Amino acid sequence: MADWSVKVNESSVSAKIKALEAKAEEAVKDELERVAWSLVSGSPVDTGAYILSHTFSETGGKAGRRISSEGKPRKQDWGTKAGEAMQQLRSDIDAADLSKGYGIFRNRAPHAVDVENKYLVYEKSKDRFR
């Protein structure tokens, strides 16, 4: 009886594992961007302080943006502020070390609780992405 074997190149296997890890991280970041857009799209804009206070970080990471609406001009353009907020969140997501396991979206604007109670921004997103 013949003994058959196939030798696998170790560097080829390592390269394939790294490629799969990169694809998995990209898929996770894509999903995080969908959550970010859900938060941004559900956010009202008056001064822009609330929508610009959304933050993503690793759990235990930085405290997050905390922008006050005090003294800011009112009736700001929603599209402009939403674009700024998404740029910030994409930057947060890109900078996150996802090997730590998980992260958290939060909003530390001084009036965040009032906005959440009225518009349920986080509650609706949480229900959508369970």
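Visitor: Which backbone nitrogen lies 2.9 Å from a polar atom of the side chain of Asn107?
Guide: The backbone nitrogen of Ala109. Keep in mind that this is a predicted model.

Visitor: Where is Asn107 found?
Guide: Asn107 sits in strand E2, which covers residues 103-107.

Visitor: Buried or exposed?
Guide: Asn107 is buried, because its relative accessible area is 14%, and buried means under 20%.

Visitor: Which side chain does a polar contact of 3.3 Å join to that of Asn107?
Guide: The side chain of His54.

Visitor: And which residues is Asn107 in contact with, leaving aside neighbours within four places in sequence?
Guide: Tyr50, Ser53, His54, Ala112 and Tyr122.

Visitor: Let's go to His54. Which strand is it found in?
Guide: His54 belongs to strand E1, residues 54-58.

Visitor: What is the relative accessible area of His54?
Guide: It is 1%, so His54 counts as buried.

Visitor: What does His54 touch, not counting residues up to four places away in sequence?
Guide: The list includes Leu39, Val40 and Ser43. Arg65, Leu89 and Asp92 are also among them.

Visitor: New topic. How many salt bridges does a search of the whole structure find?
Guide: Eight. Side chains of opposite charge can pair when their charged atoms come close.

Visitor: Start with Glu25. Which residue does it form a salt bridge with?
Guide: Lys29. The closest N and O atoms of Glu25 and Lys29 are 3.2 Å apart.

Visitor: Where do Glu25 and Lys29 lie?
Guide: Both are in helix H1, residues 10-41. Glu25 and Lys29 are four residues apart, about one turn of the helix.

Visitor: Is Glu25 buried, exposed or partly exposed?
Guide: Glu25 is partly exposed, because its relative accessible area is 37%. Lys29 counts as buried, because its relative accessibility is 13%.

Visitor: What about Glu84? Which side chain meets it in a salt bridge?
Guide: That of Lys81, at 3.9 Å from N to O.

Visitor: Which helix holds Glu84 and Lys81?
Guide: Helix H2, residues 78-95.

Visitor: One more bridge. What does Glu123 pair with in a salt bridge?
Guide: Lys126. The closest N and O atoms of Glu123 and Lys126 are 3.7 Å apart.

Visitor: Why are Glu123 and Lys126 separated by about one helical turn?
Guide: Because Glu123 and Lys126 are three residues apart in helix H4, residues 121-128.

Visitor: Are Glu123 and Lys126 buried or partly exposed?
Guide: Glu123 is partly exposed at 33%. Lys126 is partly exposed too, at 42% relative accessibility.

Visitor: Stay with helix H4. Where does Ser125 lie?
Guide: Ser125 lies in helix H4. Its relative accessible area is 4%, so Ser125 is buried.

Visitor: What is Ser125 in contact with, leaving aside its neighbours within four places in sequence?
Guide: Ser38 and Leu39.

Visitor: How many residues separate Ser125 and Ala24 in sequence?
Guide: They are 101 residues apart. In space, Ser125 and Ala24 are 22 Å apart, C-alpha to C-alpha.

Visitor: And Arg128, buried or exposed?
Guide: Exposed, because the relative accessible area of Arg128 is 58%. Arg128 is found in helix H4. Arg128 and Gly79 are 49 residues apart in sequence and 22 Å apart in space, C-alpha to C-alpha.

Visitor: What is the lining of the largest pocket by class?
Guide: Six residues are nonpolar, four are polar and three are charged.

Conventions
Residues are numbered from 1 along each chain as its sequence is written. This is a predicted model: local features need pLDDT of at least 70, side-chain atom pairs count only at pLDDT 80 or more; totals for chains, interfaces and linings use all residues. Side-chain values use heavy atoms; hydrogens and water are left out. Helices (H or I, at least four residues) and strands (E, at least two) are DSSP runs, numbered from the N terminus. Buried means under 20% relative accessible area, exposed over 50%, partly exposed in between (1.4 Å probe, protein chains only). Contact means heavy atoms within 4.5 Å. A salt bridge is a side-chain nitrogen of Lys or Arg within 4 Å of a carboxyl oxygen of Asp or Glu. Ala, Val, Leu, Ile, Met, Phe, Trp, Tyr, Cys and Pro count as nonpolar, Asp, Glu, Lys and Arg as charged, and the others, Gly among them, as polar. A polar contact is a pair of N or O atoms within 3.5 Å; within protein, one must be able to donate a hydrogen and the other to accept it, and residues adjacent in sequence count only if both atoms are side-chain atoms.
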